[in-house]
Amino acid sequence: MKQAGSNSETFSLKSRIKRFLRDNNRWSVFTLAIVLFLALPIIFIGVELFAGPGETWSHIVKYLLPEYILNSLFLVFFCSVLVLVFGVSSAWFVSRFEFPMRRQLEWLLILPLAIPSYIVGYAYAGIFDYGGTLDLLFRQWNIEFIRVDIMNRAGLAFVLSISLFPYVYVSARAFFLNQANNLLEASKMLGVSERKTFFKLMLPLARPAIVAGLVLVLMEVLNDYGAAKYYGVNTFTTGIFRSWFSLEEPETAVYLSALLIIIIFALILFEKWQVRKIKFSSSKSNSTQIQRKESSGVQKGLIFIMVFIPVFLGFVLPVAQLLYWAFLTATTVFDLQFLFVSLQSFGIAIISAFITVFFALLLIYFSKWSALRFIKNVARVGVLGYAIPGAVIAIGIMIPTIALDKWIIDVLGQFGVDSGLIINGTLIALFYAYAVRFLAVAYNPIESTSLKVSSSIPDSSKVLGVGNLKTFFKIEFPLIKTGVFSAVILVFIDVMKELPLTLILKPYDIDTLAVKAYEYASDEMVMEASIPSLFIIFTAMVPVIFLNKLLIKK
Amino acid sequence: MKKILFAIAAFSMLTACGSDAEVSNNSAEVELTKEQIVNVYTHRHYEPDQQIFKMFEESTGIKVKVINASADELIQKMKMEGKQSPADVLITVDAGRLGRAKEQGLLQSIQSDVLEKTIPSHLQDVDNQWFGLTKRARVIAYALDRVKPEELSTYEDLVSKKWEGKILVRSSSNIYNQSLLASIIANDGEAIAKKWAEGIVANMSRSPKGNDRDQVKALVAGEGDLAIVNSYYIGKMLNSADAEEVATAKKVGLFSPNQEGRGTHINVSGAGVAKYAPNKENAIRFIEFLVSKDAQQIFTDANYEYPILESVAPTADINAWGEFKEDTLGLNKLGENNKKAVLIFDEAGWK
């Protein structure tokens, strides 16, 4: 390492480079390498941006863009409101109060995530349809059924919120469970009312955790294609597909994705900015778990209802509809092969979850150990993949991997070996794509828990001469375990239901449940899609319950 | 201790799965050299297709390997894979996409007397790059209790005042709508096509949403009097597991428009041999098999499509709607006019 050795700290490029060379350590280099690896597909898409949009751009701006922007803003706003109401209230009640079936509801609240949102969309349409479930029930009771049209913008906001609020629930609950107790005790001792404690103390403190969850939700909302298309709501993402496939202009699609990325990046910066503004760390509170309050019977009942509503709307109701459809179609669709496909999906999802979480951990900790501040911001570039439609990422993955494949073919060809595509069409490309796409899902919960670990603990360990890695495994990892396991589960669930990427990149012989569900749904066989969808839900339930056991034992 | 156990379990799972994948990859490579295969990129995600593929495997010993995705994604995939693409056959559910694949140089011309003889000339590519396999008609479904078929005549008539607020149709992002408009462009010219799209938008009873089945449900629910749909979805509804859907489908009639003139708009689901097909001979045999009598019978019996082979009768469900005159417009035109159609849809405000 070089000594800067000058006292004129001007902000000239020269001194910056000098400072970079001085403070640069191997962790900075590692971080940059990983970011580059994960951002490669995004960079390839970004490069296309300089080519500009295609010739229909003015057509799009004139006829379509206003609607895309308006609808996307509408969704962002209303989904935020709904998701916060469902996610934060349930997290608070579950962490703070004792009530009937609390333990079951605690993990049931995560499960709405396990149903692909387009399937939730189909289920709700099926419930409110002509000849749908409600219609039939009302007919049985001889009541005139007033059809509620759910297939519109508001309905879409509802469907997306009810299937995505668990992101906020999971991160808010992790905060309430592990961080809130000391403050709560103090507030109680000072005689502050329960309500005031929540709104004046807990809510502001939980903000970073809540917003981290919310950003994930909004990325997914902006990225939704299936439900928006079915409900006839044109958004940025439906626009990307329209310009790519209907207008036959991939460059315009890429341009629109890039605009979307800029919006998401603004959201992320906003999140960072607001976390910094509140600058806090509750260092000592890791040891005690929140004490749950016993309340009166009526209150218990009310709380139960409050917590049950999101579970009912996001899980029970759509699953009931799916079960009904499954019952109708079981004889034609059910096949023992589904068990095998379930195992395959499970294996792929669990491996990708570990790979993705591993990358997230590397990024978070390497950038922490790097002495350069800007590295931390660079690390965040890696999470942008979540905001980009899966189909676009697939293209971003194929550009570099096919180039590499062709190079390998050329090299081996000189030795007379015809290798074919080695990376494309194999699991390697698929795992790589999942890591790129879902890094944010792993990154956010780990980062928000790691922020709460006071830096004094690892610092003192390092003062004692223990290395970064050893400190991490002995001291930090046990403290952020909750976040890491949440990350594994969330990525697992996301991979289970992932569709466009999987369709484009999957090997011939591999099938996933999401692909099976899509095959039916895309051919308007929504009822038949219910069985693979239910398999997704049940397979996803296994690790959710497992994670919850871990959380509670802690 | 638990943690360690967990880590070990996780690790062993990782390695176990990893090595499994390797083994299967290796064995796949070995098989490649021994076994005859055909790699199929298909947009048709229908169960009956699996049955047909199995029949092909049994009768020829050639193994069928399938990648399912939408035609757009498959075309993009083939484009990126270039010369290394493993694809032998591309199957789509509309002629427009086949035209696009041809335009982008992803297909090749093939010689096959069987295909040449079996498939009517307007349902195959002029350069023999793709071939229709089954037909679907885009027709007008009407509410039996509110509309008399005599009131209906042509697609063009749908824009007349009497249907104001009565027409149900799905989004313009749907390829069948794009093909319909492309056929109107080809038959009547762009100016009339634009007027037509604007007229339909003015007559819509609601903003476009849902799929074809949803249009039929809305029709019966009284949200509109007419719906523009593909006939085979009605066939599927009539055979649905849900008694309610069957009842719904029975309340609508189907009208084949433009019988006095050019005939009803039809589209095909079709196939082409990929430009860099590693198994070209197998690919041709495969497509030939798809127009064989047995395969065609399954297409119509189980999927309610119109067979392309004249000697096979359409299944009873769709035969009940009677024979109709088809528009014999060369389907190449659909692909050529597709983009124009989409632009017109946007200008007309057809969501």
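Which residues does the UniProt annotation "binding site" cover? I began with this question and found that the annotation, from an unreviewed entry, covers His45(B), Tyr232(B) and Tyr233(B); UniProt positions are given in the numbering used here, feature names are shortened, and annotations may be inferred rather than shown by experiment.

**Entry 1, ground rules.** I noted that this is a predicted model, in which local features need pLDDT of at least 70 and side-chain atom pairs count only at pLDDT 80 or more, while totals for chains, interfaces and linings use all residues. Residues are numbered from 1 along each chain as its sequence is written, and chains are lettered from A and ligands numbered from 1 in the order in which they are written.

I looked up 15 helices and nine strands in chain B (DSSP runs numbered from the N terminus, helices being H or I of at least four residues and strands E of at least two). The C-alpha trace of chain B spans about 70 × 60 × 40 Å along its principal axes.

I found His45(B) in the loop between β1 (37-42) and α2 (47-60) of chain B, and His45(B) counts as buried because it has 21 C-beta neighbours inside 10 Å. Not counting residues up to four places away in sequence, His45(B) touches Glu519(A), Ser522(A), Asp523(A) and Asn68(B) (contact means C-beta atoms, placed from the backbone, within 7 Å). Tyr232(B) lies in helix α9 (residues 231-238) of chain B, and with 24 C-beta neighbours inside 10 Å Tyr232(B) also counts as buried. Leaving aside neighbours within four places in sequence, Tyr232(B) is in contact with Arg136(B), Asn303(B), Tyr304(B) and Glu305(B).

How far does helix α21 (residues 468-497) of chain A span between its end C-alpha atoms? I read 36 Å for α21, whereas a straight helix of 30 residues would span 44 Å at 1.5 Å a residue (the expected span is 1.5 Å times one less than the number of residues). A kink of about 60° lies at Phe477(A) in α21(A), shortly before the proline Pro478(A); the bend at a residue is the angle between axes fitted to the seven residues ending there and the seven starting there.

Methods
A residue is buried if 20 or more other C-beta atoms lie within 10 Å of its own, exposed if 12 or fewer, and partly exposed in between; C-beta atoms are placed from the backbone. Two residues are in contact if their C-beta atoms, placed from the backbone, lie within 7 Å.
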